[in-house]
Amino acid sequence: MSTSIRNRSGSVSTVAKREIPYIKILFVCFLLTLPIVNPTVHGDGVGYYAYARAILIQRNLRFEEDWRHANKFFSAARIQADNQLRPELYTPTGHVDNHFTVGPAMLWAPFLIFAHLAVLLFNALGGHIPADGFSPPYLVAMALGTAFYGFLGLLLSFLLARKYVRDRWAFLATVGIWLATSLPVYMYFNPAWSHAHSAFTVALFLWYWERTRGSRTIGQWVALGLISGLMIDVYFPNGVFLLLPLIEALLAHRVLWKVDGWDSQRRLLFAETLFVVSTVVALLPTMITRLVVYGGVFRLGSYSAQDWIWSAPHWWQVLFSSDHGAFSWTPILVLALIGLFMATRNARIIALYLGVGAAAFYYVIACYPYWDGITSFGNRFLISLTAVFIFGLALLFERFGRYFHDGTRAFVAAGGLVILLSLWNAGFIFQWGEHLLPVRGEISFREMMHNQFFVVPRELGTHMRAYLFKRKEEMRKIEDRDIQQMQNTAPP
């Protein structure tokens with residue numbers, strides 16, 4: 001069997017060798033990780049999941065029950081002694097202030113509808129499972145849905161990268177970003193949050209934008225618009241990636257004006273108009289929920305009430321701070337960023353586009369007052385850039401491989417680096433999850449490294465067994481530690 005291999009000039013040659021089914025390997029790895037999926041809703045996830053549960057079960061946008069069923073830390077500051085919500089939590093429309101996005105609920109819908117129908121059927125046959133959206137079948141469906149979308153985001157990122165580098169490097173980069181960044185925390189352990197969905201929708205947008213780039217039909221413009229709207233429905237800052245088709249369109253108009261004048265301009269403008277219209281159509285769920293909850297389609301709740309600092313004073317902290325800095329917590333991202341500057345000739349234009357999108361996203365996060373994500377592992381906001389990081393890391397591995405005469409040795413060396421960074425990240429996640437370190441604010445890297453070598457090896461096995469077989473009790477202990485840690489660090 002033959003396989004396509006790119007040589008140093010970027011052209012493709014055919015070499016007689018056995019193809020390695022990297023996609024199948026990724027899929028098997030994904031299946032093996034499913035036992036660690038944590039079917040729980042807490043923290044920010046309460047707001048995201050509320051949109052799905054309230055619409056499915058209650059047929060409205062009343063979130064009182066979601067707030068009452070929330071985890072202890074979330075509900076303590078929101079529920080009064082009489083079990084009613086505090087009056088200040090309501091908006092002028094009489095709805096609970098829920099500024100989180102509706103996009104994750106849209107993506108969970110197929111999984112939750114299936115779970116709901118299964119529960120109703122089971123109960124009709126004599127079962128007794130609460131059909132309220134809070135019982136285990138619903139939470140398992142939600143958590144599996146999140147893991148599924150996270151994996152689709154990785155797969156699409158792999159497919160994008162493999163067009164410009166050898167499959168082996170795209171595969172290693174995908175595994176590295178999968179296991180050595182913040183992604184696994186929000187793909188498996190905090191599945192009710194939006195970040196895995198965000199990684200998926202941005203990857204889908206970038207994959208489809210690149211796939212149709214240069215020869216996009218009317219239908220493809222419409223499809224790209226629908227994907228764009230979904231991407232923003234899931235996470236508002238993802239809208240900065242619309243810069244890519246904007247830049248592309250401006251350059252196309254410039255070329256067409258020189259070559260063909262007004263006729264071609266009109267055809268392109270018509271396609272772009274359909275793109276904008278389809279984007280707006282895809283944004284209707286966000287507009288409707290904003291109208292119902294806040295009384296206006298462009299009202300974003302606390303997001304618009306925050307004092308955004310557009311002079312971006314947090315450039316350095318977002319990346320290097322001990323308070324959840326992206327590079328200081330997940331150093332593999334440094335390699336991914338370097339890789340974007342090492343693109344081969346055939347990948348330079350795409351790397352430049354992706355770099356522009358990533359820079360714009362980084363700027364938005366640097367302007368956000370809560371740029372550290374408060375209780376984030378690493379900088380969770382940058383999970384949206386998963387596809388960009390995989391592309392950059394794949395480019396770095398491709399360049400690294402050229403220094404080896406033996407491709408197998410290069411692959412083994414790069415794979416060893418990925419394994420080491422992944423193990424380091426797993427230990428760090430364990431420390432963060434078990435509250436061996438503060439989950440809010442700055443941490444001591446000296447203490448973290450001491451724990452990595454002396455505490456994690458001793459305690460990891462015990463806690464993993466508790467997580468796998470006594471998860472409810474383990475999660476209760478973790479939340480109790482979180483509350484205790486919060487009380488200890490609160491100002492007088």
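Mentor: Buried means under 20% relative accessible area. Keep that cut-off in mind; this is a predicted model.

Trainee: OK. Cys-367, buried or exposed?

Mentor: Buried. Its relative accessible area is 0%, so Cys-367 falls under the 20% cut-off.

Trainee: And Cys-29, what does that count as?

Mentor: Partly exposed, at 30% relative accessibility.

Trainee: How many disulfides in the whole structure?

Mentor: Zero, from a search of the whole structure.

Trainee: Switching topic. Where does Ser-278 lie?

Mentor: In helix H12, which spans residues 262-282. Ser-278 is buried, with 5% relative accessible area.

Trainee: What does the side chain of Ser-278 reach?

Mentor: The backbone oxygen of Val-222, at 3.2 Å.

Trainee: Which residues does Ser-278 touch, leaving out those up to four places away in sequence?

Mentor: Trp-221, Val-222, Gly-225 and Leu-226.

Trainee: Now the largest nonpolar core. How many residues?

Mentor: It has 144. Among those with the most contacts inside it are Phe-63, Trp-67, Met-187 and Phe-391.

Trainee: Which helix gives the most to this core?

Mentor: Helix H6, residues 136-161, with 14 residues.

Trainee: Back to Met-187. What is it in contact with, leaving aside neighbours within four places in sequence?

Mentor: Phe-30, Thr-146, Ala-147, Gly-150, Phe-151, Leu-154, Trp-178 and Ala-196.

Technical notes:
Residues numbered from 1 in each chain as written. Predicted model: local features only at pLDDT ≥ 70, side-chain atom pairs only at ≥ 80, totals over all residues. Heavy atoms only, no water. Helix = DSSP H or I, 4+ residues; strand = E, 2+ residues; numbered from the N terminus. Buried < 20%, exposed > 50% of the residue type's maximum accessible area, 1.4 Å probe, protein only. Polar contact = N/O pair within 3.5 Å; in protein donor to acceptor, adjacent residues only side chain to side chain. Contact = heavy atoms within 4.5 Å. Core = buried A, V, L, I, M, F, W, Y, C linked by side-chain atoms within 4.5 Å. Disulfide = S-S within 2.5 Å.
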